[in-house]
Amino acid sequence: MKKTVTAGQHAGKRFATRKLAMAGIFVAIAVVGSLISVPVAGSKCAPVQHMVNILSAVILGPFWGVGIAFCSSLLRNLMGLGSLMAFPGSMVGAFCCGVVYRLWKRLAPTCIAEALGTGILGGLAAYPVAKFAMGMEPGGMAVYMVPFLISTVVGSILAFVLLMIFKKNGVLGQIQDTLNS
């Protein structure tokens, strides 16, 4: 018995392939971008992952964003470019901003959700990772919040500026339409 593929099935595969390709690009940007960091107030400010979290939330959605954050954290760890604390920070922030964008479709609250999700919730989630998975003795539950906040605020600002430029020029709508058609 020969199985026939309908036009709708082809469109669904094209849809999934486009989203997967975009996710791969975002993972690559996050991994390569992890090489860019600036010392700020005794912390290493590496904003590219946070920018990617917001871009993926707006363009692909919350679950894609979490997957991208996981894959980029995994690759950075395998390449010796990050620590296990990359997982809670990036994944929590990606989920928070993805949910906020899905609910309200507004850029400013999405960027704020990334900053608060990564900086506060991700910073708190990093404590047990540091203590139990890495064998460190952090100085308290909130010890990672300030460095996480520094990076995520800078990344959120970068993403906001970039997305506003894309939105003003119609590029954001074209990307979203292409990925959803």
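Select Phe-63 to begin: with a relative accessibility of 59%, Phe-63 counts as exposed, because the cut-off for exposed is over 50%. The model on screen is a predicted one.

Now look at both rings together. Phe-63 and Phe-95 form a tilted aromatic pair, with 6.3 Å from centre to centre and 55° between the planes. Phe-63 belongs to helix H3 and Phe-95 to helix H4, so the pair ties together parts that are 32 residues apart in sequence. The structure holds three aromatic pairs.

For another of these pairs, select Tyr-144 and Phe-148. Their ring centres are 6.3 Å apart and their planes meet at 40°, so this pair is tilted. Are these residues buried or exposed? Tyr-144 counts as buried at 12% relative accessibility, and Phe-148 counts as buried at 16%.

Stay on Tyr-144 and show its surroundings. Tyr-144 sits in the loop between helix H5 (107-133) and helix H6 (145-168). Leaving aside residues up to four places away in sequence, Tyr-144 touches Met-85, Gly-123, Ala-126, Tyr-127, Ala-130, Met-136 and Pro-138. To see a separation, draw a distance from the C-alpha atom of Tyr-144 to that of Arg-106: the two are separated by 28 Å and lie 38 residues apart along the chain.

Next, select Lys-105, in the loop between H4 and H5. Most residues other than glycine have a negative phi. Lys-105 is not a glycine, yet has a positive phi of about 55°. At 53% relative accessibility, Lys-105 counts as exposed.

The next stops are helix pairs. Two packed helices are described by the angle between their axes and the distance between the axes.

Select helix H2 (residues 48-59) with helix H4 (residues 86-104). The axes of H2 and H4 come within 8 Å and cross at roughly 35°, and the crossing of H2 past H4 is right-handed. Which residues of H2 and H4 meet? On the H2 side, show Gln-49, Asn-53, Ile-54, Ala-57 and Val-58; on the H4 side, show Ser-90, Gly-93, Ala-94, Cys-97, Gly-98 and Tyr-101. Colour this contact by class, and H2 with H4 has six nonpolar, five polar and no charged residues.

H2 and H3 pack at an angle of about 155°, and their axes are 9 Å apart. Why do H2 and H3 count as roughly antiparallel? Angles over 145 degrees count as roughly antiparallel, and H2 and H3 are therefore roughly antiparallel to each other. H2 and H3 also cross in a right-handed way.

Gln-49, Val-52, Asn-53 and Ser-56 of H2 meet Gly-65, Ile-68, Ala-69, Ser-72 and Arg-76 of H3. By class, the contact of H2 with H3 has three nonpolar, five polar and one charged residues.

Key. Residues are numbered from 1 along each chain as its sequence is written. This is a predicted model: local features need pLDDT of at least 70, side-chain atom pairs count only at pLDDT 80 or more; totals for chains, interfaces and linings use all residues. Side-chain values use heavy atoms; hydrogens and water are left out. Axes are lines fitted to C-alpha atoms, for helices over the stretch in contact, and angles run from 0 to 180 degrees between N-to-C directions. Helices (H or I, at least four residues) and strands (E, at least two) are DSSP runs, numbered from the N terminus. A crossing is left-handed if the near helix is turned anticlockwise from the far one by less than a right angle, and right-handed if clockwise. Contact means heavy atoms within 4.5 Å. Ala, Val, Leu, Ile, Met, Phe, Trp, Tyr, Cys and Pro count as nonpolar, Asp, Glu, Lys and Arg as charged, and the others, Gly among them, as polar. Angles under 35 degrees count as roughly parallel, over 145 as roughly antiparallel, 65 to 115 as roughly perpendicular and the rest as oblique. Rings of Phe, Tyr and Trp (its six-membered ring) pair if their centres lie within 6.5 Å; planes under 30 degrees apart count as stacked, over 60 as edge-to-face and the rest as tilted. Buried means under 20% relative accessible area, exposed over 50%, partly exposed in between (1.4 Å probe, protein chains only).
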